[in-house]
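Morning, everyone. I have a few local features to walk through. Please look at the model first.

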Amino acid sequence: MKARVTVTLKSGILDPQGKAIEGALKSLGVEGIASVRQGKVFDIEIAGTDKAKAEATLKQAADKLLANTVIENYRVEVSG
Amino acid sequence: MKSAVLVFPGINRERDMARALTLISGRAPAMVWHAETALPAGTDLVVIPGGFSYGDYLRCGAIAARAPIMDAVRAHADKGGLVLAICNGFQIACEAGLLPGALMRNAQLKFICHDAYLRVERSDTPFSRGYNAGQVIRVPVAHGEGNYVADADTLARLEGEGRVLYRYVSPDGALDPAWNINGAINAIAGILNARGNVLGMMPHPENHVEASMGCTDGRGLFAGLVAHVARAA
């Protein structure tokens, strides 16, 4: 099964990289951008077909390593 | 003082640290590989040195923080053993839950490699008894992710409990955004855990310990640790 874990910075955590990207987009003349926050995407191949088990596995992976829950939130998706 | 310096792939300041410890404590530290599961018996001080463990992949310090040796470091700290975490070591200690908060990209997005001025906020800790409270020391920094952050509650607790030990200041000891080199919240350069036996700091005191380095302001930190351990023994 294909799965995706998306890790984003919690609101309130300063994101200097996102700010720099936001500034670059503005200087490129891309209009209508209010703000940018940078995050990470992990595309993961899951063995087996049990969707609930896959979600539990991904949650464990995110809690143990992929996200630092002091500063980041994550979202888990399994596409059957 | 018996010290142990942890070695992770990608760490590059472990030999500077070993040299400083040998010079000031008179005893060479044990170099402990990350895959080990125990520290040498009788270790007083564990040092997590600086560098770029695992190439800073995922997040700085994230992978090293999950290495087998870190369970032994946690047990050592839980028993009141001393832990000194410098630069990447500070990032590893935060990722491992030994210290609160996290270290983000420097506010100005640049890797900074020059001397910083630090104010010693208190002298009654194992990590600062070699200095006077309010003293300003000059210590090198070399990092891209040293911008300390913590949530409001954690920050209030750190400040309220006097756990901010080192702060970035001007050469005359004043808090000034221009001298807060990486934009850290409250100009935090180094913090203690609640028990006061774990210090994390971004600057490198081990690189200012000999006259040939141009400055010896870092010696006090190590000399203080040696005195603390000698007194406890």
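One term to begin: two strands pair if DSSP finds at least two bridges between them. Keep in mind that this is a predicted model.

Start with chain A. Strand E1, residues 2–9, pairs with strand E2, residues 40–45. The sense is antiparallel, over six bridges. In that pairing, A:Ala3 sits opposite A:Ile44 of E2(A). E1(A) also joins strand E3 of chain A, residues 72–79, through eight bridges. Those two run antiparallel. Here A:Arg4 has A:Glu77 in E3(A) as its bridge partner.

Now chain B, and helix H5. H5 covers residues 219–232, 14 residues in total. From first C-alpha to last, H5(B) reaches 20 Å, close to the 20 Å expected. Which residues of H5(B) are buried? They are B:Arg219, B:Gly220, B:Leu221, B:Phe222, B:Leu225, B:Val226 and B:His228. The cover over them includes helix H1 (14–25), strand E3 (45–48) and strand E4 (82–86) of chain B.

B:Leu109 is not a glycine, yet its phi is positive, about 65°. B:Leu109 lies in the loop between strands E5 (102–104) and E6 (112–120). B:Ala187 is not a glycine either, and has a positive phi of about 55°. Its loop runs between strands E9 (164–168) and E10 (188–192).

Are these two buried or partly exposed? B:Leu109 is partly exposed, because 13 other C-beta atoms lie within 10 Å. B:Ala187 has 21 within 10 Å, so B:Ala187 is buried.

Methods
Residues are numbered from 1 along each chain as its sequence is written. Chains are lettered from A and ligands numbered from 1 in the order in which they are written. This is a predicted model: local features need pLDDT of at least 70, side-chain atom pairs count only at pLDDT 80 or more; totals for chains, interfaces and linings use all residues. Helices (H or I, at least four residues) and strands (E, at least two) are DSSP runs, numbered from the N terminus. The expected span of a helix is 1.5 Å times one less than its number of residues. A residue is buried if 20 or more other C-beta atoms lie within 10 Å of its own, exposed if 12 or fewer, and partly exposed in between; C-beta atoms are placed from the backbone. Two residues are in contact if their C-beta atoms, placed from the backbone, lie within 7 Å.
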